[in-house]
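Here's a quick, friendly tour for anyone meeting this structure for the first time. Take a look, then read on.

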Amino acid sequence: MIKAFIFDLDGVITDTAEHHYLAWNRLAGELGWNFDREVNEKLRGVSRMDSIRIIQAHNNVSLPEEELTELATRKNEYYLQGLEHISPEDFLPGAKELLTQLKSAGYKIALGSASKNSHKVLEQLQGKAFFDVIGDGNSVDKSKPAPDIFLFGAEQLGYKPAECIVFEDAESGVDAAKAGGFYSVGIGPEERVGHADLRFDSMKEATLFSVKSHFQD
Ligand code: B16
Ligand code: MG
């Protein structure tokens with residue numbers, strides 16, 4: 001029986017990908033590195049340090065770990081500046097409506113995001129009150145596709161993975177949910193999240209009714 005929902009942040013609750021893109025693009029410009037939206041797409045759901053590794057590999061560069069950390073920190077400063085522009089208007093269409101429906105139906109809700117800035121993003125959205133537990137990039141060591149962040153959320157909520165539905169927009173996020181024994185809902189195209197138990201093109205279609213009719217309990 002479904003008791004709880006665990007939501008990824010970027011691409012499910014709000015679209016921070018654009019702010020990540022602008023920050024990485026600014027850093028890449030300063031370094032004279034190539035960076036475009038296609039590379040940015042590969043960073044969906046990927047941790048900050050893994051992201052810089054993907055970008056340096058794209059540029060055939062191999063910097064020592066210390067320098068990579070410095071660059072990732074610089075990018076994060078740019079990203080934080082971008083986050084100041086996020087407001088309660090920036091929930092993805094349908095996301096706030098679903099959270100409201102779940103809350104009033106009595107389900108428990110956790111966040112399961114790779115972002116170390118999750119608290120800041122939720123504050124800007126004024127959306128913290130929806131979440132009983134906030135699992136973010138600081139909560140676990142192993143990032144997706146390891147299931148750790150979702151296992152953390154389920155454990156904190158006091159439920160088993162089989163009692164929780166995970167919402168994810170990243171391929172590695174759906175992999176993580178499946179590896180942990182969670183039900184999964186993919187948000188996005190078939191090529192990316194078609195391996196989820198249920199898929200919607202966007203959060204607009206993800207109503208409590210449409211989700212419940214699939215996961216009969
Ligand atoms: P930060 P999610 C992910 O968020 C983003 O999709 C990914 O692009 C980003 O690199 C990662 O968070 C880490 O973010 O630099 O803020 O710690 O989809 O897991 O909510
Ligand atoms: Mg995501």
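## Around the ligand

Ligand 1 has 20 residues around it, and the closest are Leu9, Asp10, Ser113, Ala114 and Ser115. To count here, a residue's C-beta atom, placed from the backbone, has to lie within 6 Å of the molecule. Sorted by class, this shell holds five nonpolar, ten polar and five charged residues. Ala, Val, Leu, Ile, Met, Phe, Trp, Tyr, Cys and Pro go down as nonpolar, Asp, Glu, Lys and Arg as charged, and the others, Gly among them, as polar.

Keep in mind that this is a predicted model: local features need pLDDT of at least 70 and side-chain atom pairs count only at pLDDT 80 or more, while totals for chains, interfaces and linings use all residues. Residues are numbered from 1 along each chain as its sequence is written, and chains are lettered from A and ligands numbered from 1 in the order in which they are written.

## A strand covered on both faces

In a regular strand, side chains alternate between the two faces of the sheet. Strand β1 (residues 4–7) has Ala4 and Ile6 on one side and Phe5 and Phe7 on the other, all of them buried. Buried means 20 or more other C-beta atoms within 10 Å of a residue's own, exposed means 12 or fewer, and partly exposed is in between, with C-beta atoms placed from the backbone. Strands (E, at least two residues) and helices (H or I, at least four) are DSSP runs, numbered from the N terminus.

Which strands pair with β1? One is β2 (residues 108–112), parallel to β1 and joined to it by four bridges, with Ile6 opposite Ala110. Another is β4 (residues 164–168), also parallel over four bridges, where Ala4 has Cys164 as its bridge partner. Pairing takes at least two DSSP bridges between the strands.

Most residues other than glycine have a negative phi, and most peptide bonds are trans. Asn60 has a positive phi, near 50°, and sits in the loop between α3 and α4. Asn60 is exposed, with 8 other C-beta atoms within 10 Å.

Gln126 also has a positive phi, about 55°, in the loop between α6 (118–125) and β3. Gln126 is partly exposed, with 13 other C-beta atoms within 10 Å. Then there's a cis peptide bond between Lys144 and Pro145, with omega about 20°; Pro145 lies in the loop between β3 (133–135) and α7 (148–157).
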